[in-house]
Amino acid sequence: MWKKSENSTEVPTQNISPAQSHPQPVREQAIIGSSLLVKGDVTGEEDLTIQGQVEGKVILKKNGVTIGKNGRVKADVYGKTISVEGSVQGNLHAEERIIVRQTGNVRGNLHAPRVTLEDGAQFKGSIDMEGKEREKPETVQPTITTPKSDSGGTGAKPQDSGQGRLGINVKPPSKT
Amino acid sequence: MRLWFNSKLEKTPEPAKKRVERKLEVHRSLALNILFHQFRESQHYRILDLGRAFGQNVDFFSQFSCKLHIEDLYDSLSSFDYFSPSDGFSYETVYSYLLPFFKNAPFDIILAWDLFNHLDRNEFKHLILHLGQYSKKGTMLFTLISMEKHIPEKPVQFKIVDEEHLLYLTDPGVMKKCPKWEKSDLDHLMPNFRVCNSFLLRNGFKEYLFLYE
């Protein structure tokens, strides 16, 4: 059984530098098991999966933090990436990305360059967004005209004076 | 679970109850289109979304520089069993607990979706009073008022498809009587908000864009 099969595909020869030939170090991964309750802050330098309960800050700014399906965290979480499948009551701060999975439930504020909420995820709180590169907006009209509703019906006559309060001219939607 | 907040809205009598199939429909939104054309790249906006959190909506708003607050107020009220106005607490106390914001950082935009169809007169009035504390001159409020006799028991869930279209997700369930807020009701219940635009849609909703003054 240890004999290499004659049919096995040959691995293409690659130039592997001595440094690459060494086995890659296994990334440290810690788990707080489902029966564990941690009261106090958690810090360190390895990835962490929380399946139990944590009542204290989780500070792993250079590492990934996963709150598993059974995981519950009541405090702020700091990580490089944060993935929530369980529940969190606290603010999430990620250097790179926050993902609230379908089963995730977050009550708190999210701070990260990228935030993903999967369908079904429950979230209440705020998300700070810097704004992506946006297409140049269409030329705005100096005045409001009365747009027709898609019923062709009773669009009330706008009463504003063209200059929107948000600092831009109000423009009616284009008609389909 | 105590449903204090819409207790006065009469449910449809038993014989008239009918099940509604889960519906997914895309409708054009004229008011939302106007709202989105207000955005300027150079400005940072504070947006309050009183509806449910959807990744699609968050993705949409991520093209703007903004702070998006998502509160899913209907859910909060539905699962709210700590105290209620019937226990002697004021509406203001309840709303302050559920919607605690900083008064020195008012919102530019409030997305109420169809929430007002699921509130009675008092709940509606006090919510608006509460939101007024976090509004400023020029704050815009977007809402959809149903013109139908009956509406689904729970609010429609809205996903932003693009700047002109909304996906309506209607949960199956029993129907209930719709308050059918008229313009005169809205004027009375929303004294500091002035109608900026309104559109009657074919789907039975009337879209409103209000401006806080």
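Predicted model: local features only at pLDDT ≥ 70, side-chain atom pairs only at ≥ 80, totals over all residues.
User: Is Leu167(B) buried or exposed?

Analyst: Buried means under 20% relative accessible area, exposed over 50%, and partly exposed in between, with a 1.4 Å probe and protein chains only. Contact means heavy atoms within 4.5 Å; setting aside residues up to four places away in sequence, Leu167(B) touches Leu24(B), Glu25(B), Val26(B), Gln157(B), Phe158(B), Lys159(B) and Val161(B). Its relative accessible area is 17%, so Leu167(B) is buried.

User: Why do the buried residues of H4(B) lie on the same side of the helix?

Analyst: In helix H4 (residues 91–98) of chain B, the residues Tyr91(B), Val94(B), Tyr95(B) and Leu98(B) are buried. They share one side of H4(B) because the arc they cover around the axis, taken from the directions from the helix axis to the C-beta atoms, is only 90°.

User: Which strand of chain A is included in what covers the buried residues of H4(B)?

Analyst: The cover includes elements of both chains. From chain B come helix H3 (73–78) and helix H5 (121–132). Chain A provides strand S11 (105–107).

User: How are the rings of Phe36(B) and Phe64(B) arranged?

Analyst: Rings of Phe, Tyr and Trp (its six-membered ring) pair if their centres lie within 6.5 Å; planes under 30 degrees apart count as stacked, over 60 as edge-to-face and the rest as tilted. There are 19 aromatic pairs over all chains. For Phe36(B) and Phe64(B), the centres are 6.4 Å apart and the planes stand at 15°, so the pair is stacked.

User: How many residues apart in sequence are the parts that this pair ties together?

Analyst: Phe36(B), at 0% relative accessibility, counts as buried, and so does Phe64(B) at 3%. Phe36(B) lies in helix H1 (residues 30–36) of chain B, and Phe64(B) in the loop between helix H2 (55–61) and strand S3 (66–70) of chain B, so the parts tied together are apart in sequence by 28 residues.

User: Over which ring does the charged end of Arg46(B) sit?

Analyst: A charge sits over a ring if NZ of Lys or CZ of Arg is within 6 Å of the ring centre and within 35 degrees of the ring normal. The charged end of Arg46(B) is 5.0 Å from the centre of the ring of Phe107(B).

User: Which element of chain A has the lowest mean pLDDT?

Analyst: Chain A averages a pLDDT of 73, with 59% of the residues scoring at least 70. Over residues 1–19 of chain A the pLDDT is below 50. Strand S8 (residues 77–84) of chain A has the highest mean among its elements, 98, and the lowest, 48, belongs to helix H1 (residues 18–21) of chain A.

Notes
Residues numbered from 1 in each chain as written. Chains lettered and ligands numbered in written order. Heavy atoms only, no water. Helix = DSSP H or I, 4+ residues; strand = E, 2+ residues; numbered from the N terminus. pLDDT = per-residue confidence, 0-100.
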